[in-house]
Every structure is written in C-alpha cells, then in structure tokens.
Amino acid sequence: MSQIDLTKAAEIAIDYATQQGMDQVEAALHQGVGISITARQQELETVEKHNDAQLVVSVYKDHKTGSASSADMSETGIKSTVDAAMSIARFTGADDCLGLADADLMATDSKSLDLHHPWRADTAEMVDIALACEAAALGVDDRITNSEGASVSSYSGNAVYANSHGFLRSGSGSQHSLSCSVIGTSDKGMQRDYWYDSNRNAAKLQPAETIGKLAAERTLQRLGARQIGSKQASVMFDPIMAKSLISHLIGAIKGGAIYKKASFMLDKVGESVLPDFVTIAENPHKLGGASSSLYDGEGVATPEYRALVESGMLQSYVLGSYAARKLGLVTTANAGGVRNLTVSNTGQDAQRLLAQMGTGLLVTELIGSGINMVTGDYSRGAAGFWVENGELQFPVEEITIAGNLQDMYRNIVAIGNDYDSRGNTECGSIVVEGMTVAGS
Amino acid sequence: MNEQHLSIAHAMLLEPTGLSDPDLSAMMHKLTNVGGCDFADMYFQYAKHETWSLDEGVVKTGSFNIDQGVGLRSVCGEKTAFAYSEDLNVAAINTAADVVTAIGRQGQNVEGLTSFRAQSATALYSALDPVATMTDIEKVNLLELADRLARTHDSRVKEVMASLSSVYEVVLILTSDGRQIPDVRPLIRLNVSVIVEQDGKRERGSMGGGGRFGLDYFSQEVVEHYAHEAVRQALVSLEAIDSPAGTMEVVLGAGWPGILLHEAVGHGLEGDFNRKGTSAFSGRIGEKVASEQCTVVDDGTIADRRGSLSVDDEGNQTQNTVLIENGILKGYMQDEHNARLMGMGVTGNGRRESFAHLPMPRMTNTYMHAGKYEPEEIIKSVKNGIYAVNFGGGQVDITSGKFVFSSSEAYLIEDGKVTQPVKGATLIGNGPEAMQTISMVGNDLALDSGVGVCGKDGQSVPVGVGQPTLKMDALTVGGVSL
C-alpha cells in the first residue's frame, strides 16, 4: 500500500463534515506496517506481513452523534465515511453531554516522547532471532519435550487526531516483541509456560536466549503440579498477575462504568480504598513509555503526572469529556485509557515478600473471567506454588481463588519492588491476606 | 451451484476494480510458484458492520464500518507465508503476492491456472444484507422498546444498556486447485443488560441472542424475552448468598452452559494443537476420554445458527463432525493445513476473523447429544451440590487440560432440591478427567440463543454451544464460603 497523507485525509474529513452543516467533527486515523514471525521446532513456521490503515470519524449535530470508519482513504472514501456518520447522527438521540472536549483543554505542548524506533532488521534476521530464542528454551532440560514456538513481531506506524476546534496532531510510534512458549512433560502430564518482552525500541528487548531460558524454566517449575485442599490463605500475586488487580481497579473507576452505576467503586472518590502505603500514579509523558502521549483520544492535554490513588485514597475517576459532563466533573484526559501507571512498593524483593507471607499461595497464572464489576465479586482459576516458611514447596493447579475486590484491595499487606516494567503498568508482586482457595 | 452468491461476490469484490480471470490466475501463480508449495489461497472479503447502542433510555451512539481486502497465503509443508491488501486493485494485490513469494524465497516452475471453477455448498442462511432489513428509525425504536420493557418489568431496574449489531459479509475464496467458492453471510445480535438496585445493593443481568438472518427476527416477543430474562437474572443475583468452595456434585443446565464442552473438550480437539502434540487430547483417538453417556459433535451445518457456515473460510463445506461418541474420542476439527500434515480429511473447520488473519481450526456449533434422564431426576439425585444455569466466559489451557468457566446464575442443591441462589462462582476442572465424571445426561438438549464469541490467538469468531442438563460427580467450585 502506498503511503497515505493522513494529515490531508483528516483535513478532508473535517472540512467536508463542516461544509455539510455538522456542529462539530473529529477524526482519528492511523496507518502502519508490521511483521510477525514464528519459528517452531527449529524451523520457520509462519511469516505474516501486516499493512493496515483506518479512518474513524465522529460527527455531532444538535447534540446527536454518529460515527463511521473505513480503510478507504481516497477522497471519495473519506467523504462516504463522513456521510455514513452523518446518516447515523440523524437517528441517534440527543444528549447535551455529547460533543468534542472543550477547546481550551486541547494540548499545546509539543516535545518528542521517544516513541518511534522502527526495527531495521530484515525478515531473515528476525527468523534467526526467533530460532535462537526457541533453541535456548529447548536446550535447557530434557524434560522440555515440545514447543509452541518463538515469535518475533514488529510494528511501526503513524497516527493523526484532528477535530473542528482546529486541533490536528500527528505522531509516530513503534512496538516490538519477542516471546517463547514451550512444553514440558513429566509422569503427571504436560505443562506449558512462556516468557516475553516488548518495547518500543527493539535494541532494549531482553536477549533472545534469556527469553527462551526463562520460558523453559517457568515451564519446568510447573511440572508435577497438583491441587490443594480448600482453605483461607494469603495469596501473593506475581508482578504479571498483580497488574490484573490494578487493571480491575482502573476498570471500576472509569467514567462510563460510574455514570451507569455499573461499578463497585461508585462514590468512592476521597475515600480510602487501598492501604495507606499504596500510591498509583499515571505518567503520560514518560519517555519511550508503552502508552505515552501529550494528548488523549480527544486532543486534551495530558498531565505529566497524576496520582489516581494517593496514600490509599482514591483521588478521582478516570474520565473522558462525555462521562465527565455526565458526572458534572472535568475530563481527566483519559479518553482512550490510562497512560503508564506506576504502583508504589513497600521495599521488599520477591524473596523477602515470600518470607513475610510465610505460608500461602504464590499465583503465577489466572484464567477465566469470574469478576463481577458491579459488586466486585471475584473468583478465578489459578495456578502457581504452595509456599511454606517463605519457600516454594510444590506447583499447584486446578484451584480457584475467590474474594471481593473491595476487600482484596484493603487486605493488601505488601507490594514488592520486583517491578515488571513491560507494557502500561509498572508493578511488583502484591500480597493479599484472607482469600478463599478452592480445591480438592 | 449458487449463482446468486457468485454474482453478489463478483459484483462486490472483483468488478469494482475490474479484476479479471487472467489477473487472478497470475496472482495465484505467484503464490504457488514457490519452492515446495503444497497449496495457496486468496480470500476476498467485504464486511459491513453497523451497531446502535442505548443507555439511559437514549440511543446515543451508532457506528458504521466497512472493511474489505484480500488475504494471500502460500503453504509449503509446515511453513506458511501470508500477506494481505486492503486495496483490491490489481497492482496492490500483486505487491502483496510478491511479499508472499519473497517469504517463500526460491521459485519453482509450476504450471499456472487459467480459470477458477465455481463451486458452492447448499446455503444454510439467506443471502440478505441484515443492515438493510430494518430502517434506522426502526432499529432505534427496537432498542427503546427493550429499554421500556426492562424498566416497566420491575421498578428496581435502574439502568438498561442495549445494543443491536448487524454484519453483512461477502466472501470469495480462490484456491490453488482451481476452485472459486462464494458465500454471503448475514449475522445479527441484540443484547440487553440491566442494573438493578435494592436497599443500596446493586446487581447486573444480561440476555441476548441472534443468528444468521434479518432483523425482523427481533419481534416484540423476542425483545420482551431478552429484557425480562436480563431483569430476572439480576434480581436473582440480588438474593444470592456466598457460593460454597470445594469439590462437589455439579449440575449444569441445558443450552448456554454447553460452554463447558467448548472449553473442556472443544479447543483441545482442534487439529493444530493435536498435530503439534500440545493438547491434553493429543494421540488419544480411540481412547475413552468421557463417560459413555457423552456424545459430542461440532456441527457447522445447522440452518441460520450464529456458529454455522455454508462453507468455511477455506471454501470447504462444513460438517457435523463427531468428536466424542459414547465417551470414545473419534476425531479432531481440521482445517486444510493441519488435515494435510496429519493425513486426515478436512472437516470444514478452517476459520479466520478476517482477510487480515490466517485461518486455523476453529469450532462452529459444539454440543452434546441428549441422554435419557429427565432434568428433575438429575437434580433429585444430588444430595449437596450446585445447579449452574448461566455463565459468563470460560478459558482453557489446552496443554494441561485445565478449563474454567464462570457462572452468572447458580443455586444450591440440598437434598435433591434447588434452594438458594449463590453468587457467581468459577468452576474449574481438567477436561479429560471432568468429562469422565459425567454421570447423568438429560433429555432436554438445547442450543444457546446466539451470542457466543470465541477467541484464539487473538482472533475472534462467532460460535454456538449447546447441551442437555447434565451432572458431573466431582467438579471444583470456586466460591468464598468454606
């Protein structure tokens, strides 16, 4: 596909909708190229080339809205996308809260956030990286008997957001990842685990061999896993699983869930929802961050830093302009989500956290979707390790852990400094007391 | 031969950019002219999506999307090269075909095709565009009706969210063995979810359905059923007590609880995992993997169902495939690539999310045949256990065989009687072991209402599930109450 002039396409969309009598209009466009390679059993398995482009237009007329999207960015294509959005806006209902974010909130800063590092490697080099990654995993131990392969993927693209306040910004970004998943066998059956890294800059990815070895070691640790009996227990969530607890909290304070009263965090702003040693902050301008941006999905300037939870106290909801108006509040520049969260820690590394917990369950995998966001009731399938005297005793599987998220947040007793910095949330292990483990 | 499908597919996908037989043959030649190429295909797709959403009694948003493009694949042994183009011009597709050729590296001199022989299966659904089966005003009215019916049903209803979506897909699949297979696929879905409140306590409930037909399916009666059912579920949850924790007898209701089969056996019987030997079911054909009361099939051939397809995304006719018969593992679900490598037949399970994704073995409608017991008899046989009738999502680790699925409506069974509702508990088990503990299968087979979405490797496809009421003698229930 030829390079599309996204800025020009955005201008065509905004101008055309305005000419057609729309009160307001906004357009978000992106295009990018990518490649995904998988090697399995030391052979190249798949090579997929990606080449995507999309235009999303929303129009507003008399407090009614409609939106439409398309990959066709020819002038005719853009205009028919706008036409489709306008056609929908004729039939939707009016709501005074609908519309662009206020003009005086639009971002004015411009500085580089170091987000774009296209990977210069060619296909053959990427294949070699995947092969090396898998080879490292397969070579760790004879009990590694099979593989789901190692994958390299790389994406690089441009995006534009424009609206009829006259705001138009473009940016480029990249994202690369390397992952490996292998299978181990013991007399008790097969187990699988994986490891991965992702970064905007391929040079900063963990070495292929490290990722392969970690995948294999994690798989080996799970061999011989068994159920444990039902009991009350302390649960330590490893950093990857700990992030899921943070993500449920964010989901519960999103404006859409709040104004629909579909959240267990309703009316909790200004209240203590976590222990006083917990602060959760957003860092939208972090250099090279997975979600860094100077403006949100509506063009609103993002802050450099904002505490969502300060010393355990919920500071505010996570709002775009629509939900903010619904609630009589001001947008928190979170249209499109939160950007680069950091969760504070209580100073211990993973080993010391285990020692502090003494007896309990270390959870390294959660499966299933057993979370009721209206009540906070939580029940998920889990796998991990039984811990006694601060030491891992044996791998555990086919159990569930259950509680209520409100209680679980209050019952956090420690957060480790064993940060996992991949992705949008930087967080260490979290220890929660008093959960119910169900098994046999 | 379905002339109507072929003419629609040509008109939508080839004629606008003037793609001719010689163009298509030349593209296919590029894909097959790669060292060791076993087969190649080109998947042309046009997809139109429209969604309207209501909350606070108002249809506030509507969105409309058109996607089209072609996915090009060349398969050599275990290797697959894939690229796609969102532009259906000859030059753009040829560029993508060159990418595929470059991936395959060395060329060979195979003879090219000159034309593609039209082929199609019996249509399992009408070739209609569901977006056009109702006016925009009528769609808005339908959602407002759902809102009204839910709110007037019970004063404790505080919020109603409803959405109506219609998808119109036209595909044309060209294969390296010279076939061209068209399909025209409508798909609609209506969802109603409510929040109820009583004494400061809030709960949710939801219900929906749909299938491969026009929007007139959503009659006043159907909308009323969804609205009332969503309210009923939410009100039951208001009364729910903590669920017990531990291993116990579990009775699953008919219909949607068939998600059990999707997770506990379905994924583990997909051909790719079994070819690679990564499934807990690998190498076990002919073995007993479930109690003898269990016969489980994957059936893509049921008319108008959400999970059905006249042909799969590789142009093969869908089938009613027996996976487990009287407890014995009979077969896997296969796509073209994995069937070839395993020396087995295709089963019409090659599916893909879109032209921009590679096909792989996926389920269609997966269900268990009816057994001999009355549902009441099954409940009566349980001393202390759980009766679970509605579920949210599920997930499986196909390698260890561990599956979970989360109940959204469940009750205690005490001394053979259904008593109090319990809060959503997650059920967890090991596929091959759990299926062995099925001790009673009911005579009330039901399929779900048509809302299922299955995710695998980041690709979503619509699916169906079903089962009769059944009892498992020992399953772990993830409640909080010890």
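This is a predicted model: local features need pLDDT of at least 70, side-chain atom pairs count only at pLDDT 80 or more; totals for chains, interfaces and linings use all residues.
1. Residues are numbered from 1 along each chain as its sequence is written, and chains are lettered from A and ligands numbered from 1 in the order in which they are written.

2. Strand β1 (residues 24–40) of chain A runs antiparallel to β4(A), with 14 bridges joining them. Strands here are DSSP runs (E, at least two residues), numbered from the N terminus, and two of them pair if DSSP finds at least two bridges between them.

3. On to β5 (residues 168–186) of chain A: 17 bridges join this strand to β4(A), again antiparallel. A:Ala159 stands opposite A:Gly171 in β5(A). The two strands form a hairpin with 4 residues between them, and A:Gly166 in the turn has a positive phi of about 95 degrees.

4. Strand β4 (residues 144–163) of chain A is largely enclosed by the rest of the structure, because 14 of its 20 residues are buried (20 or more other C-beta atoms within 10 Å of a residue's own; exposed means 12 or fewer, partly exposed in between, with C-beta atoms placed from the backbone).

5. Two loop residues deserve a look. Most residues other than glycine have a negative phi. A:Asp62, in the loop between β2 (43–61) and β3 (64–70) of chain A, has a positive phi near 50 degrees. A:Asp62 counts as exposed because it has 11 C-beta neighbours inside 10 Å.

6. A:Asn389 has a positive phi near 50 degrees and lies in the loop between β13 (377–388) and β14 (391–404) of chain A. With 9 other C-beta atoms within 10 Å, A:Asn389 is exposed.
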